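Open the viewer and get ready to click. This tour goes from the whole chain down to single residues.

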Amino acid sequence: MRQPAPAIHLLREHAPIQPQTVRAALDSLLYSAASARHTPLEHLWLVDAYLLDPENPINPDERLLALQIVLINIITAELVRHRAAIQHRAPPEDDLPTALAQIDMDARTENVELTAWGWLYYRYVRVDLNVTPFAFCQHAHCDERTRRRYQAHGIRRLTERLIEREREARRMLRKHRLYAELPMPFPLHLFGREHLVAQARTLFESRAPLVMQVSGEAGIGK
């Protein structure tokens with residue numbers, strides 16, 4: 001299990017989830033970013049919860065990568081949820097023309113929430129489609145000023161969702177920590193290993209070796 005950085009609690013206390021910090025984290029998703037932009041949000045419990053999964057590979061920027069995945073998952077889930085509510089298809093996985101047609105359909109609903117989440121999705125998640133602000137405005141039937149209002153609204157909603165997920169992650173991690181600190185209801189007993197345990201106890205009580213090697217095939221209870 002990865003150990004948190006020594007100053008992790010201090011960083012969390014100074015890492016408020018606010019629209020400006022969320023916007024900075026979103027900017028790290030853009031290919032145009034000159035370098036990785038680390039933000040205080042990397043030290044959220046949500047990031048810890050993701051990194052606790054042993055299946056996730058270790059890399060030098062693992063906390064930033066985990067934060068980016070959290071943001072991508074929230075944006076995608078919200079867009080899918082809002083589209084499903086009006087029986088629209090999920091975000092397309094194919095080409096730019098299909099994406100632009102979907103943006104047009106979303107805009108015709110005059111649903112501010114849907115259009116705002118759509119812009120965040122095509123701006124920060126599906127960067128590969130290269131939906132420019134001009135193309136989005138053209139197909140969403142709005143001007144640049146309105147598009148910026150959509151973006152500001154979307155970031156506020158993303159901030160709210162991030163706060164909700166962070167609260168839930170803290171609750172779950174605290175519950176797991178409390179479970180781990182509970183005393184065992186009964187002493188641990190290794191069945192069929194009584195003789196070996198007695199040997200090990202005798203060695204430690206008599207000569208106290210610095211190192212003891214336990215050998216054997218995999219799966220036999222070493």
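Here is what to select, stop by stop.

**Stop 1: the whole protein.** Remember that this is a predicted model. Color by secondary structure. Starting at the N terminus, the order of elements reads α-α-α-α-α-α-α-α-α. The chain has 222 residues, and 37% of them count as buried. The protein exposes about 14,400 Å². Carbon and sulfur atoms supply 57% of that area. Look at contacts next, counting those between residues at least 6 apart in sequence: 67% of these join residues at least 24 apart.

**Stop 2: helix α7.** Select residues 133–140. Which residues of this helix are buried? They are Ala135, Phe136, Cys137 and Ala140. Now show what lies over them. The cover includes α5 (96–108), α6 (112–125) and α8.

**Stop 3: just past α7.** Step on to histidine 141, which comes just after the helix. Check its backbone: phi is positive here, about 55°.

Stop 4: Helix α8 spans 144–181, and α9 spans 194–206. Select the loop between these two helices and find methionine 184 in it. Is methionine 184 buried or exposed? Its relative accessibility is 55%, so it counts as exposed; the cut-off for exposed is over 50%.

Conventions. Residues are numbered from 1 along each chain as its sequence is written. This is a predicted model: local features need pLDDT of at least 70, side-chain atom pairs count only at pLDDT 80 or more; totals for chains, interfaces and linings use all residues. Side-chain values use heavy atoms; hydrogens and water are left out. Helices (H or I, at least four residues) and strands (E, at least two) are DSSP runs, numbered from the N terminus. Buried means under 20% relative accessible area, exposed over 50%, partly exposed in between (1.4 Å probe, protein chains only). Contact means heavy atoms within 4.5 Å. Accessible areas come from the Shrake-Rupley method with a 1.4 Å probe; for residues, only the protein chains shown count as cover.
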